[in-house]
Every structure is written in structure tokens, then in C-alpha cells.
Amino acid sequence: MTAIAFSPARDGRPEAAPHAPVRIAVVGLGYWGPNLVRNIQESPCAELVAVCDRRAEALDKLARRYPAARTTASFDDVLAADDVEAVVIATPVATHHPLGAAALSAGKHVYIEKPLCASTGEALELARLARRTGRVLMPGHTFLYSPPVNCIRDLLRSGELGEIYFVSMSRVNLGLHQSDASVAWDLGPHDFSILRYWFGETPRWVTAVCRDCVIPSIPDVAFITLEFDSGTISHVELSWLAPSKLRRTTIVGSRKMLVYDDTSSEPVRVFDSGVLPNDPQSFGEYTLTYRTGDIVSPHVPAAEPLFVEMGDFCDSIRLSREPRSSVELGIDVVRMIEAVDRSLAGHGARVDLDGERLAA
């Protein structure tokens, strides 16, 4: 396995003041782009300089809401603009590598909406380019900035749940079907990035089964199993074809259990429940005691994850530090999705994860 060193670098260009807002252009105004625009506009760390999209109607709509930002249908105009320090890319995944490479080569810092690229090879190429140009490259894994997700990470790190036996995750809804990506590429990055963030490692193997129920050759439901070196196993259910929206995770540990429901007013609940084996009284006797204790809902502060994420992107640029949603994590997520694809191609075969990574 070849390791590629990653660290912020300098290229001799004049730097803005440490607390000056980062001047940003947003490229892609489809489903997610306007949310990025809104949070950049509201962030004290950022200044929305320009928006870019090929569709005139999308530009007109944003121009009425944010008249101070320039509009353009030309990505080359964005790259040539001296007042644009960073480019936020929210376009189809197939365009992430060429657009990201062009922006980095033009000396811009780059944020790319998940997944980072359409392959591990492309993601590694962008990481190398960011290293050479001394620019921040950040994948957009917004759930890493979710207060409930970070609350759970703190609980896991504290050891309160004990040894983690397994994690069960469901992310289903009716839609939105994508014409250019499977449900694993569309929804999988959310749960894969959360698992990578919580456990600090990628799984050692992956298996997956799927079905394309609506659009031929584009799976809209997938059931994925992952096992980590710690012994923890995880089952991830993804679907665009469900009667109701469900974003629910169950974590079972040796001491306590936890339920994370992203749609609930109490998103995190900790159950003081478990099973205790009793010492056998005679040969061949084995009994269990089931423990059901308190249910605690820890306080979770309110914050919009995307707003926090944009702040982290700007701080990473101004302070020359790695963002929480690091390029290494983004590459690992792409590796996990590719492993799912290989398992599906092998009719659910187990696929071991290995390959080229970034060094710390």
C-alpha cells in the first residue's frame, strides 16, 4: 500500500488577513447548490462573490435573492476572477474531478460536495494536486458537522457504551431517484462518512446486495454489511423506494445501547440496557440476566450542520489547517463505495478494502 503525504503547503502568493472573509464562488445551482449559497451568504467567515450555472433560469433566481453576487454561465470566468479565492462545487459526481482539478490548478481552494470523486484514483489525483498547489481540498460530508453525530462520537470515545458490538443504519425515503448514480453513490456517503468519523477507520471488508426496481441498471435499494478491525459489524440500509422517510441508527454496546433518529426532537437516546451472563451453577448450565434501566436523552445543541461546515472550510483556508471533513476521509468514503460496487458485481461477494491512501 503506497502512502501519500498530505499537509498544507505555501506557494508564495499573498495571503489575506487571518480574519478576512474568504471570497467564494459557488458552481452548480441544482438541488443542493442553493443551500450552500445561503449558508455562505450568512456566514461571517465568507463572502459570496459569484454563482455559476449553465441554466439562465437558475442564475436569475439566485440573482434576485443575492444581488451583490455576480452571475455567470462560464466556469472559466470563475477561474479567471482574481477576487475568487475558493470554489464550492455542487455538480454531478462525474464532473468533480475535472472541475476540481481546474480550480486547484488556477490557485483556488476547493470544496466538493460528496462524494469527492467518481473513483479513488481521481480522488487521489486531486489530493496530490492540492498538495502541490498548497490549496485546501475539502469533501462535503455535512453530517460530520451535525450536533447529534458529534454527541454520539463523544459518547463512543468516552467508552460509556462499552465495546461496540454492532451498528444498524437505515436511510430511506420515497425519492429522489438519480439518473446518473446508484443509491449507494447518492446516500451511502452519508452513513459511510459517519462510520469513518465515529470509528476512525475504514471497514476491513464489505458485502452488498441491491435491486433496480424503477430505473433499469440503477439500483434504488441496497443492503450493505461492513466489518471493522475492532470486530464491530454494521448493516446499512439505503433506499429511494420507501413509504416514509427514516434516518435511524442503532448502536449496541456491551454496557449501553443508543438510538439516533435524525427526524426526532430528541435525536439521541441512550438506553442503560444489556445482557449479563451469570456464572453457571452446574456443568452445562448457562443463564442470562437481561437488564433494562434508564433512558437518557442528552442535550444536543441546535446548529445547522452546513453553516458549521462552511465555517470550517473558511477556517481551514485562513488558518492553514486540515478540516474535519478531511480529504483522507473523503477518499476512504469513495473506497467504501467502490467496494460496494465490486461486491454487487460479484453477486454479494465479500470485498476486502485495501489500496492507496493518504498518510497523516
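Mentor: Start with burial: a residue is buried under 20% relative accessible area, exposed over 50%, and partly exposed in between (1.4 Å probe, protein chains only). The model is predicted, so local features need pLDDT of at least 70, side-chain atom pairs count only at pLDDT 80 or more, and totals for chains, interfaces and linings use all residues. Residues are numbered from 1 along each chain as its sequence is written, and side-chain values use heavy atoms, without hydrogens and water.

Trainee: Is Asp 83 buried, partly exposed or exposed?

Mentor: Asp 83 counts as partly exposed because its relative accessibility is 29%. Its salt-bridge partner is Arg 70, with the closest N and O atoms 2.8 Å apart. A salt bridge is a side-chain nitrogen of Lys or Arg within 4 Å of a carboxyl oxygen of Asp or Glu.

Trainee: Where do Asp 83 and Arg 70 lie in the chain?

Mentor: Asp 83 is in the loop between helix 3 (75-80) and strand 5 (86-89), and Arg 70 is in strand 4 (residues 70-72). They are 13 residues apart, so the pair is said to link distant parts of the chain. Helices (H or I, at least four residues) and strands (E, at least two) are DSSP runs, numbered from the N terminus. Arg 70 is partly exposed too, because its relative accessible area is 40%.

Trainee: How many salt bridges does a search of the whole structure find?

Mentor: The search finds 18. One of them joins Arg 196 and Glu 328, at 3.9 Å from N to O. Arg 196 lies in helix 8 (residues 188-199) and Glu 328 in helix 10 (residues 327-345), so this pair ties together parts 132 residues apart in sequence. Arg 196 is buried, at 11% relative accessible area. Glu 328 counts as partly exposed, at 24%.

Trainee: Which residues are linked with Arg 196 and Glu 328 in a network of salt bridges?

Mentor: Asp 332 and Arg 335 are linked with them. For another pair, look at Asp 229 and Arg 204, whose closest N and O atoms are 3.9 Å apart. Asp 229 is in the loop between strand 10 (221-227) and strand 11 (233-239). Arg 204 is in the loop between helix 8 and strand 9 (205-211), 25 residues away. Asp 229 counts as exposed, at 54%, while Arg 204 counts as partly exposed, at 35%.

Trainee: What is the strand order in the open sheet of nine strands?

Mentor: First, the idea: strands of a sheet pair through backbone hydrogen bonds, either parallel or antiparallel. Two strands pair if DSSP finds at least two bridges between them. Here the order is 15-14-13-12-8-11-10-9-16, with mixed pairing. Strand 15 (287-296) and strand 16 (351-352) stand at the edges, each with a single partner strand, so one side of each has no neighbour in the sheet.

Trainee: In which sense do strand 8 and strand 12 pair, parallel or antiparallel?

Mentor: They pair in the antiparallel sense, over nine bridges, and strand 12 covers residues 241-253. Ser 170 has Arg 248 of strand 12 as its bridge partner. Strand 8 (residues 164-174) also holds Tyr 165.

Trainee: Which residues have their charged ends over rings?

Mentor: The rule is NZ of Lys or CZ of Arg within 6 Å of the ring centre and within 35 degrees of the ring normal. The charged end of Arg 153 sits over the ring of Tyr 197, 4.2 Å from its centre. The charged end of Arg 171 sits over the ring of Phe 143, at 4.6 Å.
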